[in-house]
Amino acid sequence: MSQETGDGSGRTTGSGRSVRHLDEVDRRILDELVRDGRTSVRTLAERIHISRTNAYARVERLVREGVITGFQARVAPEAAGLGTSAYIALTIEQNTWREVSAELARVRYVEHVALLSGEHDVLALVRAPDNATLRDVVLDRVQHIAGVLSTRSWLVFEEYDGKQSPWQ
């Protein structure tokens, strides 16, 4: 039986569940803001063919409901001096996720961390200035975190955003 509860608004609770159904206008707003987070509400309304009041209210609602979690610059790692990227898979002791993730959050150059199911327990994206720094991050910082049993690294040669993203 599901542990979700409904409140009559289309909302559900539970890990990984959508807060609400996004309609076509919401999705178009997200498309535009992902493409350019600096877009004004006026321009957004014009591109989507809705009123400024409607655009403003929808963006505010999407922020309030946690669909939009912030607005930020997208940085090109190499241009910013981070020319070496790697995915680091960690195998950790059972029940140490909270402690390991708290320590990983303090490791410089770790950009993203995800808890996984499968062969490895954690996947971290590391962006470093060079291979020597990457080596230090993995061998001196990550492998010395209490609860980390082993690591496996994959260097990233090239990367791009997917063309089939639901927001672009």
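Val-25, Arg-28, Ile-29, Glu-32 and Leu-33 of helix α1 meet Leu-44, Arg-47 and Ile-48 of helix α2, where contact means heavy atoms within 4.5 Å. Five nonpolar, no polar and three charged residues make up this contact of α1 with α2; Ala, Val, Leu, Ile, Met, Phe, Trp, Tyr, Cys and Pro count as nonpolar, Asp, Glu, Lys and Arg as charged, and the others, Gly among them, as polar. Helices here are DSSP runs of H or I with at least four residues, strands are runs of E with at least two, and both are numbered from the N terminus.

This is a predicted model, in which local features need pLDDT of at least 70 and side-chain atom pairs count only at pLDDT 80 or more, while totals for chains, interfaces and linings use all residues. Residues are numbered from 1 along each chain as its sequence is written, and side-chain values use heavy atoms, with hydrogens and water left out.

The helix pairs are set out below. Axes are lines fitted to C-alpha atoms, for helices over the stretch in contact, and angles run from 0 to 180 degrees between N-to-C directions.

| Pair | Axes | Angle |
|---|---|---|
| α1 and α2 | within 10 Å | roughly 125 degrees |
| α2 and α3 | 8 Å apart | about 110 degrees |
| α1 and α3 | within 11 Å | roughly 85 degrees |

Angles under 35 degrees count as roughly parallel, over 145 as roughly antiparallel, 65 to 115 as roughly perpendicular and the rest as oblique. α1 and α2 are therefore oblique to each other. The crossing of α1 past α2 is right-handed, a term for a near helix turned clockwise from the far one by less than a right angle, left-handed being anticlockwise.

α2 and α3 are therefore roughly perpendicular. Val-41, Arg-42, Leu-44 and Ala-45 of α2 touch Arg-52, Ala-55, Tyr-56 and Val-59 of α3. That contact of α2 with α3 has six nonpolar, no polar and two charged residues.

α1 and α3 are likewise roughly perpendicular, so their angle falls in that class. From α1 come Val-25, Asp-26, Ile-29, Leu-30 and Leu-33, and from α3 Arg-58, Val-59, Arg-61 and Leu-62.

The largest pocket has a volume of about 1100 Å³. On a 1 Å grid over the protein atoms alone, a pocket is an open set of points where a 1.4 Å probe fits, with protein on both sides within 12 Å along at least five of seven lines, and lining residues have an atom within 4 Å of a point. Grid points are joined across faces, edges and corners, and a volume is the space filled by probe spheres set on the points.

The lining of the largest pocket has 30 residues, with Val-34, Gln-72, Ala-73, Arg-74 and Asp-161 nearest its centre. α1 gives the most to this lining, four residues. By class, the lining of the largest pocket holds 15 nonpolar, seven polar and eight charged residues.

The second largest pocket holds about 170 Å³ of space. Its lining includes Ala-76, Leu-82, Arg-127 and Phe-157.
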